[in-house]
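Work through these exercises with the structure open. Each task is followed by its solution in steps.

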Amino acid sequence: MVMQEQARRLSTPLRWGRQEKAAMATFLAIAAAALVALVIYALTSGAPARADCIKLSFANTLGASEVKACGGRARRACANGAYPSLVDQMRAQCAQAGFPYRPR
C-alpha cells in the first residue's frame, strides 16, 4: 500500500497555486532587475580612454614588445624622435595623440 501511494503521488503533476506563482514572479523580477543593473554598471564603469597616449608594438628578440606613454612622456617621445626604427608607427601614434613628431 505504501508504494502505491508514492507511485500515485509521483505520477501526478505539480500544481502551482497562487503563492507559488507570486513567489516565482517575484524571483524573476528581482533577477531581471539585477541583470539590468549589472549591464548598466558594465557599460558605465571603467576609465575612459585617454586621447594623449601613444602605444607602439614591435618585434623583439623574445617576441613582441609594447611601449606605452601618456601625457608628458608621450609629448617628449614625439618631440625627441624616440624609437627611430619605428618611424611610421611613431608618426601615426603622435598624430593621433595630437603631438608633433620630429624624427631624428
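**Exercise 1. Is Cys78 buried or exposed, and what about Cys94?**

Step 1. In this predicted model, Cys78 has a relative accessibility of 0%.
Step 2. Buried means under 20% relative accessible area, so Cys78 counts as buried.
Step 3. Cys94 also has a relative accessible area of 0%, so Cys94 is buried.

**Exercise 2. Describe the bond between Cys78 and Cys94.**

Step 1. A disulfide joins Cys78 to Cys94, with an S to S distance of 1.8 Å.
Step 2. Cys78 is in helix α3, residues 72-80, and Cys94 is in helix α4, residues 87-97. The two cysteines are 16 residues apart, and the pair links distant parts of the chain.
Step 3. Find the handedness. The torsion about the S-S bond of Cys78 and Cys94 is about -95 degrees, so this disulfide is left-handed.

**Exercise 3. How many disulfides does a search of the whole structure find, and what pattern do they follow?**

Step 1. The search finds two disulfides.
Step 2. One joins Cys78 to Cys94. Another is formed by Cys53 and Cys70, with sulfur atoms 1.9 Å apart.
Step 3. Cys53 lies in strand β1 and Cys70 in strand β2, so the pair ties together parts that are 17 residues apart in sequence.
Step 4. Count the bonded cysteines along the chain. The pattern is 1-2, 3-4.

**Exercise 4. Work out the handedness of the Cys53 and Cys70 disulfide, then the exposure of each cysteine.**

Step 1. The torsion about the S-S bond of Cys53 and Cys70 is about 105 degrees, so the disulfide is right-handed.

**Exercise 5. In which sense do β1 and β2 pair, and over how many bridges?**

Step 1. Strand β1 covers residues 53-60 and strand β2 covers residues 63-70.
Step 2. The strands pair in the antiparallel sense, over eight bridges.
Step 3. Two residues lie between β1 and β2, and the strands form a hairpin.

**Exercise 6. Which residues does Gln93 touch, leaving out those up to four places away in sequence?**

Step 1. Locate Gln93: its place is in helix α4.
Step 2. Gln93 has a relative accessible area of 19%, so Gln93 is buried.
Step 3. The residues Gln93 touches are Cys53, Ile54, Lys55 and Leu56.

Methods. Residues are numbered from 1 along each chain as its sequence is written. This is a predicted model: local features need pLDDT of at least 70, side-chain atom pairs count only at pLDDT 80 or more; totals for chains, interfaces and linings use all residues. Side-chain values use heavy atoms; hydrogens and water are left out. Two strands pair if DSSP finds at least two bridges between them. Helices (H or I, at least four residues) and strands (E, at least two) are DSSP runs, numbered from the N terminus. A disulfide is a pair of cysteine sulfur atoms within 2.5 Å. Buried means under 20% relative accessible area, exposed over 50%, partly exposed in between (1.4 Å probe, protein chains only). Contact means heavy atoms within 4.5 Å.
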